[in-house]
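Q: I am new to this structure and would like to go through it step by step. Could we look at it together?

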Amino acid sequence: MIALWTLVGVASTFWGVALGAVTIVAVGTLGAVSERHHIDFGLLAAFAGVTLGSLASVQREAALDATRRAEAANAMLGERSRIAREIHDILAHSLSAQIVHLEGARMLLARDGDRVRALDRVERAQRLARSGLEETRRALATLRGDAPEPEQALAELAEEFHASTGRACEVEVAGTPRELSPQAGLAVIRTAQEALTNVRRHAPGARARIVLRYGDGAVELDVTDTGGTEPVLEAPGGGYGLVGMRERAELIGGTLETGPEEKGFRVSLRVPV
């Protein structure tokens, strides 16, 4: 029986069934031609059970292997989808802004020959291209699990905000920091990044504040500003935006709330961990 179980397990289904049938016939024949001329039907049932059990075990292993391959394929597809979303968001934001600035520089040179203002536009486009490249690297690093901790990334975003606007951006971390999944960490970083971009666009002169709270089963991010004190310049369209931030949060079971707060604006993200 042990030999039958092993042989059926390594053979194909057809040859496994054939091997079991031949064994049962052989055992029955030996019983019929023995001195007692008695066929032990219990023994035949036992050999049939061994055959069927071995075949069922083989089928189960094959089904588990197929399930594992399907899960791996789905995970790969999900990873590709996340990478595609990140690259799309970054390029839509960065390239649309670059096009606006370069088109402005072309019009200034063609119409007025104003080389100083045209050069300023080109330099802005250059900074946007460099920033877009850095954002792409940061997003891919986060998806691979090689990104810095959210606290460090938020501190870097605050420094970038201060360097580009001359306004302060405070960062506060509450609770006990813990390791976040790549999706949750990326959602926190990208939401803070887009929220600060919106402050620069729509509330020039405003100060910003970032609060990251680690709670039981969830992490919360609040980005607020004090309201603009300077004229709002025409901002290019496209980019990630509030709709994209909300979609990102919902994809990982989180929520995003936005709205006015005192003189400024508030973006609040909550994602499970």
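Predicted model: local features only at pLDDT ≥ 70, side-chain atom pairs only at ≥ 80, totals over all residues.

Q: Which residues is L269 in contact with, leaving aside its neighbours within four places in sequence?
A: L269 is in contact with A187, V188, T191, V219, E220, L221, A249, T255 and L256.

Q: Taking T191 from that list, how many residues apart in sequence are L269 and T191, and what is the distance in space?
A: They are 78 residues apart in sequence, and their C-alpha atoms are 7.7 Å apart.

Q: Now for another residue: where is L43?
A: L43 belongs to helix α3, which spans residues 41–111.

Q: And what does L43 count as, in terms of accessibility?
A: L43 counts as partly exposed, because its relative accessibility is 33%, a value between the limits of 20% and 50%.

Q: What does L43 touch, not counting residues up to four places away in sequence?
A: L43 touches M1 and V27.

Q: Let us turn to helix packing. At what angle do α5 and α6 pack?
A: Helix α5 (residues 150–165) and helix α6 (residues 182–202) pack at about 15°, and their axes are 10 Å apart.

Q: What does that make them: roughly parallel or roughly antiparallel?
A: Helices α5 and α6 are roughly parallel to each other, because angles under 35 degrees count as such. Their crossing is right-handed.

Q: Which residues meet there?
A: From α5 come A153, L154, L157, F161, S164 and T165, and these meet I189, A192, Q193, L196, V199 and R200 of α6. The residues of this contact comprise 8 nonpolar, 3 polar and 1 charged.

Q: Finally, the chain as a whole: how many helices and strands does it have?
A: The chain has 7 helices and 5 strands. Along the sequence they follow the pattern α-α-α-α-α-β-α-β-β-α-β-β.

Q: What share of the residues is buried?
A: Of the 273 residues in the chain, 33% count as buried. The chain exposes about 16,100 Å², and carbon and sulfur atoms supply 58% of that area.

Q: And what share of the contacts between residues at least 6 apart in sequence joins residues at least 24 apart?
A: Among those contacts in the chain, the share is 67%.

Notes: Residues numbered from 1 in each chain as written. Heavy atoms only, no water. Contact = heavy atoms within 4.5 Å. Axes fitted to C-alpha atoms, helices over the stretch in contact; angles between N-to-C directions. Helix = DSSP H or I, 4+ residues; strand = E, 2+ residues; numbered from the N terminus. Parallel < 35°, antiparallel > 145°, perpendicular 65-115°, else oblique. Left-handed = near helix turned anticlockwise from the far one by under 90°. Nonpolar A, V, L, I, M, F, W, Y, C, P; charged D, E, K, R; others polar. Buried < 20%, exposed > 50% of the residue type's maximum accessible area, 1.4 Å probe, protein only. Areas by Shrake-Rupley, 256 points an atom, 1.4 Å probe, with all protein chains shown as cover.
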